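Here is a briefing on the structure shown below. Keep the model open while reading.

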Amino acid sequence: MANVVIDIAAEYTGNKAFKQAETATSKLEKSVAKLGKQLAGVFAASKLYAFGKESVKAFAADEKAARSLALALANTGNAFAAIEVEKFIGDLQRVTGVLDDQLRPAFRTLLTATGNVKKSQDGLALALDIAAGTGRDLGAVSLALAKAYGGQTTALSRLGAGLSKATLASGDLDLITAELTKKFSGQALAAAEGYAGSMAKLAVASENAKEIIGKDLLDSMQLIAGKDGIGGATTAMEGFATEVGNAIYGVGFLISKLRELPGGADLLQGTKEALSFNIFGLFSRVGASSKARAAGTPAQSPGQRKAIDKANADALKLQKSKNELAKIDNANTTRKLALTADQQALEELKKKFDVERIGLFAALNQTTDQETQMRLRSLIAIKDNDAALAGKIKAELEATRAVDFLSSALFRLSAEFDMERARIAFGKAEVAAKAATMITGATPSQSLATALKLYPDFGTEMDAPRTAAARGTNIVYNINASGIGDQQIASVVQNAIQDLNRYGNSTTYAGAI
Amino acid sequence: MPATVKGGVELRKALRRFAPELGKETQKEIASVLKPVVKEARGFVTVSPLSNWAREGGKFPVFNASIVKRGIGYKTTPSKPNRRGFTALAQIRNRSAAGAIYETAGRRAPSTKPSSRPNFAQAMGELSGSGKERGRLIYKAWENDKGNATKAVLKAIDNAGKTFNRMVGTR
């Protein structure tokens, strides 16, 4: 078809081929993304598993070192100082950024050599300074120091600490430590203050976190493994890591879907906060309280305990206040009841001296008419503010009126019925006679049928006079006065004349005298 | 080459869905811009450019001035995408067969000689415009309009977009 067009304001919307290509690319992208997600899920699970393994290993090593140290303390007769030594090592670890995994063996070596906790602590501090100053391993330094305590200074000379041969040859440990302290004092602290020290502290924190998580993991494995103990927990641990990995992947998938939604960024942030504050927070609280229960310690922190105690005290105080208020309320109700009874007695007395009421009762006693009695009783009820009695009397009155109305209606109906019956009888005869005159030769029944058709309305007995009047003929009224005396007729006429005069109607024509 | 816009089709869809009155007003505004061009193009239709073209018979489309005039019109709704994927938001069209021949006769069509049927084309007068946009009816009127209609159409679409955004409160 011929179609020459000028396009105005064209827009590129893409053609079919491009759309197909786009669809294909989109499908490919989706497939790749799906595969990527699956791989990410697998790697996430394996990473988590590896981390769990490392954590457990770290805890196990830490615990082994702690046990070894505790045993060394016990063997040297310093078992009482176990807690103090652990605290010292912990503090040293935080300050210097050196792991307790290194501190404990070093301390143990020194303790074995000296047999004295105080000397070992000083030796460890010195060893830390020397290690920081010379860049040697803490284990090697502490071993050298331990040997020096035993009289062998060769190892110490090889540390590169710059000790003079004379000092070393003297074998005086006090002199040697004094020189070493002079040379390396504050090296460990200085090393802990710089960037490397911060990193070391972070590493310490990370290792500690691993140990803590490892311990909890093992405890949780024990919980999961149940009676079989930790021996059967390996499989459970792998399963646990996989489950946690799946859960993390699920959260990641949810986050990616949330991001696709309009306003997804805000929603995502909100969800993250909700998750971190609610779910993880909840798990954390559950774990903490479970551990506390297992350890037989209170489930709350001192702050929480204080807050709970305060809340309990406040609740108790509030309950006491409520009880007091209830007591006051009860007392008020009792007083109110007493006052109401007194008021009623007074009202009864007042009624006895009410003149109007007395009069009403007197009238009631004297009246025999039922309706009047009812009215009087109503007045008394109104006077006494007795709403129930007034309502009852009102209902009785209305019932009486209704009965009266019904009886009068029935009476009127009966009378009208009798009258109508008489009119019908008379009308029928009249109609029959009229019909007979109209239809010559008809039987009375035929005449009646015809008349009924002609005069369907009964009670048309006056039709004949009306018809006659319409024709203009004179109407003759025949009065049957049989049985009436002349005196009675005269009396009627006289009364009629008197009535006419009373109402101003003349009995004579105009102008008559 | 027509002026290109972005989001015009989406805007039309949005107008139809969320602000139909504004959409109708926009269409009316565009129509009021295109009407004079169409009217002028119809004015270029003569009785018959060639005396025997108006005769009935044969396969060649017969030139009927009223049919040619009726075939010239405008469209204010988006067209289908062309082979290159472009959709026109408005068009001026010459749809009758004889009108299209009269419009384009003498243009150098691809794979044809430069002056095919020179006598036929020369008898109809000179083509107006440049390049592929040369013609004797709508292209001539378009050429005479000097792009004012395009500007007005673009302005109408732009105004509609602004009004719509103000209505929905996105700006």
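Predicted model: local features only at pLDDT ≥ 70, side-chain atom pairs only at ≥ 80, totals over all residues.

Chain B has seven helices and four strands. A search over all chains finds four aromatic pairs in the whole structure. In chain A, helices α2(A) and α3(A) cross at roughly 135°.

**Chain B overall**

- Chain B has 171 residues, and 41% of them count as buried.
- Its elements run α-α-α-β-β-α-α-β-β-α-α along the sequence.
- That pattern comes to seven helices and four strands.

**Helix α6(B) and the residue after it**

- Helix α6 of chain B spans residues 138–145.
- Its buried residues are Ile138(B), Tyr139(B), Ala141(B), Trp142(B) and Asp145(B).
- Viewed down the axis of α6(B), these buried residues fall within an arc of 160°, so they line one face of the helix.
- Lys146(B) follows α6(B).
- Lys146(B) lies in the loop between α6 and α7 (148–168) of chain B.
- The phi of Lys146(B) is positive, near 60°, in a residue other than glycine.
- Most residues other than glycine have a negative phi.
- Is Lys146(B) buried or exposed? Lys146(B) counts as exposed, because its relative accessibility is 69% and the exposed class starts over 50%.

**Aromatic pairs and cluster**

- The whole-structure search gives four aromatic pairs over all chains.
- In one of them, the ring centres of Phe88(A) and Phe107(A) are 6.3 Å apart and the planes are at 50°, so the pair is tilted.
- This pair links distant parts of the chain, with its two residues 19 residues apart.
- Phe88(A) belongs to helix α2 (residues 82–96) of chain A, and Phe107(A) to helix α3 (residues 100–114) of chain A.
- Phe107(A) is buried, because its relative accessible area is 0% and the buried class is under 20%.
- In chain B, the rings of Trp53(B) and Phe63(B) have centres 4.9 Å apart and planes at 45°, so this pair is tilted too.
- Trp53(B) and Phe63(B) are ten residues apart, and each is in the loop between α2 (20–43) and α3 (65–71) of chain B.
- Trp53(B) and Phe63(B) are both buried.
- Which residues form one aromatic cluster? They are Trp53(B), Phe60(B), Phe63(B) and Tyr102(B).

**A charge over a ring**

- Lys140(B) places its charged end over the ring of Phe44(B).
- The distance to the centre of that ring is 4.6 Å.

**Helix crossing in chain A**

- The axes of α2(A) and α3(A) come within 10 Å.
- They cross at roughly 135°.
- α2(A) and α3(A) are therefore oblique to each other.
- The crossing of α2(A) and α3(A) is right-handed.
- The Phe88(A) and Phe107(A) pair has one residue in each of these two helices.

- Gly8(B) is in helix α1 (residues 8–18) of chain B.
- Gly8(B) is buried, with a relative accessible area of 4%.
- How many residues separate Gly8(B) and Ala160(B) in sequence? The two are 152 residues apart in sequence.
- In space, Gly8(B) and Ala160(B) are 9.9 Å apart, C-alpha to C-alpha.

Note on methods. Residues numbered from 1 in each chain as written. Chains lettered and ligands numbered in written order. Heavy atoms only, no water. Buried < 20%, exposed > 50% of the residue type's maximum accessible area, 1.4 Å probe, protein only. Arc of directions from axis to C-beta. Phe/Tyr/Trp six-rings, centres within 6.5 Å; stacked < 30°, edge-to-face > 60°. Lys NZ or Arg CZ within 6 Å of the ring centre and 35° of its normal. Axes fitted to C-alpha atoms, helices over the stretch in contact; angles between N-to-C directions. Parallel < 35°, antiparallel > 145°, perpendicular 65-115°, else oblique. Left-handed = near helix turned anticlockwise from the far one by under 90°.
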